[in-house]
Amino acid sequence: MDDTPVTPAAKRGRPPKAKTLDTAASAVAVKAEPLKKAATEAASDAAADVESTAKGLSAQIKPIKEQAEKAAKAAAEKLNAVDWKAHIDPIKEQAGKTAKSAAGVAKDKTGTAMQSLSKLIADTAATVDAKLGPQYGDYARQAAEQVAGAADSLDNKDVDQLMAEARDFVRKSPAVAIGAAAVVGFVLMRLAKGSDDKA
């Protein structure tokens with residue numbers, strides 16, 4: 001068998017398989033080359049379009065951005081230029097005057113109410129003597145004197161002195177101050193409710 005020469009497959013009537021595949025692949029590659037080139041060019045054109053659009057938008061946005069920055073800077077300068085203390089001080093002073101005036105009116109009304117209460121207690125002391133005994137009438141008279149003394153003390157002091165005394169009292173005994181404030185608030189509410197009912 002060694003003596004027999006090998007006949008190539010092409011001569012035997014069959015095409016060689018490896019060459020056929022290579023030929024088909026190269027034909028596909030040759031056909032794909034224009035598609036690849038067209039796709040690359042299209043992508044390159046699209047990228048160029050996107051880049052030019054971005055540059056155009058950036059050019060349009062830049063003046064708007066500069067304008068907004070200038071407006072923000074101008075607004076900040078205006079806010080910093082305003083002397084807020086000069087605007088607030090008169091308002092604060094007016095509020096202080098109004099509060100002091102209201103406190104003066106409240107002090108006068110409280111003093112008058114305490115004088116009336118003292119007179120009422122003193123007037124009922126005789127009735128207490130008759131009904132419960134002289135010892136209880138004396139308690140009523142002492143209470144009337146205490147309320148009258150507190151009313152006189154209240155009338156003799158101005159609002160600033162009363163505020164200073166109130167601050168000192170609150171500092172020394174905050175629990176008593178809170179309780180007293182609650183009682184006073186309750187009494188004032190009842191008085192206000194009573195005056196509303198009469199109206």
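1. Let's start with a definition: a residue is buried when its relative accessible area is under 20%, exposed when that area is over 50%, and partly exposed in between (1.4 Å probe, protein chains only). K157 has a relative accessibility of 23%, so K157 counts as partly exposed.

2. A word on what you're looking at: this is a predicted model, where local features need pLDDT of at least 70 and side-chain atom pairs count only at pLDDT 80 or more, while totals for chains, interfaces and linings use all residues. Residues are numbered from 1 along each chain as its sequence is written, and side-chain values use heavy atoms, with hydrogens and water left out.

3. Now the overall build. The protein chain has five helices and zero strands (helices are DSSP runs of H or I with at least four residues, strands are runs of E with at least two, and both are numbered from the N terminus). Read from the N terminus, the order is α-α-α-α-α.

4. How much of the chain is tucked away? Of its 199 residues, 9% are buried. The accessible surface is about 16500 Å², and carbon and sulfur atoms own 64% of that (areas come from the Shrake-Rupley method with a 1.4 Å probe; for residues, only the protein chains shown count as cover).

5. Back to K157, which sits in the loop between α3 and α4. Skipping neighbours within four places in sequence, K157 is in contact with K107, L162 and E165 (contact means heavy atoms within 4.5 Å). K107 is 50 residues away from K157 along the chain, yet their C-alpha atoms are 9.5 Å apart.

6. Next, the largest nonpolar core: I121, A125, A140, A144 and V147, five residues in total. (Such a core is a set of buried Ala, Val, Leu, Ile, Met, Phe, Trp, Tyr and Cys residues joined through side-chain atoms within 4.5 Å.) Helix α3 gives the largest share of this core, three residues.

7. Have a look at S118 too, in helix α2. Its relative accessibility is 7%, so S118 counts as buried. Leaving out residues up to four places away in sequence, S118 touches A144, V147 and A148. On the same terms, V147 touches M114, L117, S118 and I121.

8. Finally, the largest pocket, with a volume of about 1200 Å³. Of its 27 lining residues, A106, T110, L154, V184 and L188 are closest to the centre. (On a 1 Å grid over the protein atoms alone, a pocket is an open set of points where a 1.4 Å probe fits, with protein on both sides within 12 Å along at least five of seven lines; lining residues have an atom within 4 Å of a point. Points are joined across faces, edges and corners, and the volume is the space filled by probe spheres set on them.) Helices α2 (84–132), α3 (134–156), α4 (159–172) and α5 (174–198) each supply at least two lining residues.
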